[in-house]
Amino acid sequence: FTIVNSDPWRSDVCVMSTSSILRTPAGLIAAWEGEGNIRLADWNQQTGLVTKWKWTPDAGERHKHPSLAVDKSGGILITWADGTTWGKGGAMAWQKLDSKGNPIAGGKGRLDELPAWSKPAAYINAAGRFEIAY
């Protein structure tokens, strides 16, 4: 195998987060937590080029547990958890992005009732529309 992306992060606490990766028509897209922010990368498998997008949804909270879904047109839905810690719930937030990772106006939201030990999951339903489960 080949390491195509590296994002070193020194932390003196348990990060307790997850990541998400999925295949798109153009290659792979990945999301992970890095220093309390959501980071995205796009890997073009034909060129081998990795493009990192440091994307911070909103300042002030530690964003964790990103989940990705991509629709047929290349639009991206990213969901994440805010304010969760060991045994404590928080909020679930989401943002629609274009195929280049730019936020789409009016495409964001938040639900402040994410139970402890939960994380959001973005997916495409049978009708081809974005949905979020937790």
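Strand β5 pairs with strand β6 (residues 76–82) in the antiparallel sense over six bridges, where two strands count as paired if DSSP finds at least two bridges between them, and where strands are DSSP runs (E, at least two residues) numbered from the N terminus. Within this pairing, H63 stands opposite D82 of β6. The model is a predicted one, in which local features need pLDDT of at least 70 and side-chain atom pairs count only at pLDDT 80 or more, while totals for chains, interfaces and linings use all residues. Residues are numbered from 1 along each chain as its sequence is written, and side-chain values use heavy atoms, with hydrogens and water left out.

The two strands belong to an open sheet of four strands in the order β5-β6-β7-β8, with antiparallel pairing. Because β5 (63–70) and β8 (103–114) stand at the edges with a single partner strand each, one side of each is left without a neighbour in the sheet. From one strand to the next the twist averages 15 degrees, as an angle between N-to-C directions, on a scale from 0 to 180 degrees, of axes fitted to C-alpha atoms.

The structure holds four salt bridges, a salt bridge being a side-chain nitrogen of Lys or Arg within 4 Å of a carboxyl oxygen of Asp or Glu. One of them joins R62 to E33, with the closest N and O atoms 3.0 Å apart; since R62 lies in the loop between β4 and β5 and E33 in strand β2 (residues 27–34), the pair ties together parts that are 29 residues apart in sequence. E33 also meets K64 in a salt bridge (3.3 Å, N to O), a pair that links strand β2 with strand β5 across 31 residues.

Two residues call for a note on backbone geometry. Most residues other than glycine have a negative phi. H65, in strand β5, has a positive phi near 55 degrees and is buried at 10% relative accessibility. W117, in the loop between β8 and β9 (121–124), has a positive phi near 65 degrees and is exposed at 60%.

Notes: Buried < 20%, exposed > 50% of the residue type's maximum accessible area, 1.4 Å probe, protein only.
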